[in-house]
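Me: I am new to this structure and would like to learn how to read its features. Please take them one at a time.

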Amino acid sequence: MKITKRDQNLLLVLAGLVIFFLGYLFVYNTLNTKTDALQSEIDTLRPTLEELHMHEEKLPEYKAVISDDQKLILEQQSRYPNHARPEDLIMYALELQAAVNADPANLSFSDPVPMMELSGLLVDGDALHFTPLSANVSTMTINCQLNYTALKSLIDYLYASDQRTSLDSLSVSYDTETGSLSGAVTVNKFTLSGADDTYLPTAVPDVPLGNTELFGGAAPALPN
């Protein structure tokens, strides 16, 4: 069978059309589908990108707020001692006595009790790191005598103190013979341990030898 020049040209044109169609079907159409999917993903991410640009512009403001918050956290942490030992509670009772004119008869203490675990800040040179902290409470019960004015001053003093204390319970009774109040005051003292457990001892003044009354009252008579 002899193929004429014209038939050859028609076959070449047909082959070209088949190649073009296959290229459109398997190459161009596939690329076009991927392009559409990519454009759809870009459109989806565009709002996120614009939001990130907005946050980037406000980055100095965010850093300033973070720095202020860190200073506030460190300031609040510094207001909580890391220990509350018996000698600390005794000195606090003496301060309370002097401030509100109460007359403590005796004191009792409890061991620190963990309240909760939280994250705090630890200063390491110029850097700040998160560190686990333990919030604890120590309880002190003071049996004392005082008048009504001193009772109100005692409650005000507890909550105005920078030593992070609170009134846990209060039980008083009126003494008809002396006209004063007598009872028990239970005080909570809060501490934070974990960031820096270096104990800073409370300044305890020297007590002259032979003084048998810690709070300065009249000493009981000793047996012969």
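Reply: What follows goes from the whole chain to single residues. The model is predicted, so local features need pLDDT of at least 70, side-chain atom pairs count only at pLDDT 80 or more, and totals for chains, interfaces and linings use all residues. Residues are numbered from 1 along each chain as its sequence is written, and side-chain values use heavy atoms, with hydrogens and water left out.

Me: How many helices and strands does the chain have, and what pattern do they follow?

Reply: Helices (H or I, at least four residues) and strands (E, at least two) are DSSP runs, numbered from the N terminus. Here there are four helices and five strands. Along the sequence they come in the pattern α-α-α-β-β-β-α-β-β.

Me: What share of the residues counts as buried?

Reply: A residue is buried under 20% relative accessible area, exposed over 50%, and partly exposed in between, with a 1.4 Å probe and protein chains only. Of the 224 residues in this chain, 22% are buried. Accessible areas come from the Shrake-Rupley method with a 1.4 Å probe, and for residues only the protein chains shown count as cover. The chain exposes about 16100 Å², and carbon and sulfur atoms supply 60% of that area.

Me: What share of the contacts joins residues 24 or more positions apart?

Reply: Contact means heavy atoms within 4.5 Å. Among contacts in the chain with a separation of 6 or more, 68% are between residues 24 or more positions apart.

Me: Which residues form an aromatic pair?

Reply: Rings of Phe, Tyr and Trp (its six-membered ring) pair if their centres lie within 6.5 Å; planes under 30 degrees apart are stacked, over 60 edge-to-face, and the rest tilted. The structure has one such pair. Its members are Y92 and Y157, which are tilted, with 6.2 Å from centre to centre and 35 degrees between the planes. Y92 belongs to helix α3 (residues 86–100) and Y157 to helix α4 (residues 148–160), so the pair ties together parts 65 residues apart in sequence.

Me: Are Y92 and Y157 buried or partly exposed?

Reply: Y92 is buried because its relative accessibility is 1%. Y157 has a relative accessible area of 23%, so Y157 counts as partly exposed.

Me: Which charged end sits over the ring of Y92?

Reply: A charge sits over a ring if NZ of Lys or CZ of Arg is within 6 Å of the ring centre and within 35 degrees of the ring normal. For Y92, the charged end belongs to K189, at 5.4 Å from the ring centre.

Me: Which residues form a salt bridge?

Reply: Side chains of opposite charge can pair when their charged atoms come close. A salt bridge is a side-chain nitrogen of Lys or Arg within 4 Å of a carboxyl oxygen of Asp or Glu. That rule gives one salt bridge. D43 and R46 form the bridge, with their closest N and O atoms 3.7 Å apart. Both residues lie in helix α1 (residues 5–57), three residues apart, which is about one turn of the helix. D43 is partly exposed at a relative accessible area of 41%, and R46 is partly exposed at 41%.

Me: Which residues form a nonpolar patch on the surface?

Reply: Patches are made of residues with over 30% relative accessible area and no salt bridge; like charges are joined within 9 Å, and nonpolar side chains (Val, Leu, Ile, Met, Phe, Trp, Tyr) within 5 Å. L59, Y62 and I66 make up a nonpolar patch with about 250 Å² of accessible area together. Y62 lies in helix α2 (residues 59–78) and is partly exposed because its relative accessibility is 31%.

Me: Where do L192, S193 and G194 lie?

Reply: L192 is in strand β5, and S193 is in strand β5 as well. G194 is in the segment after β5 (181–193). L192 is buried at 16% relative accessible area, S193 is buried at 18%, and G194 is partly exposed at 34%.

Me: What do these residues touch, not counting residues up to four places away in sequence?

Reply: L192 touches residues including Q77, Y80 and L118. S193 touches N82, P132, L133, S134 and N136, and G194 touches T131, P132 and L133. From C-alpha to C-alpha, S193 and Y80 are 8.8 Å apart in space and 113 residues apart in sequence.
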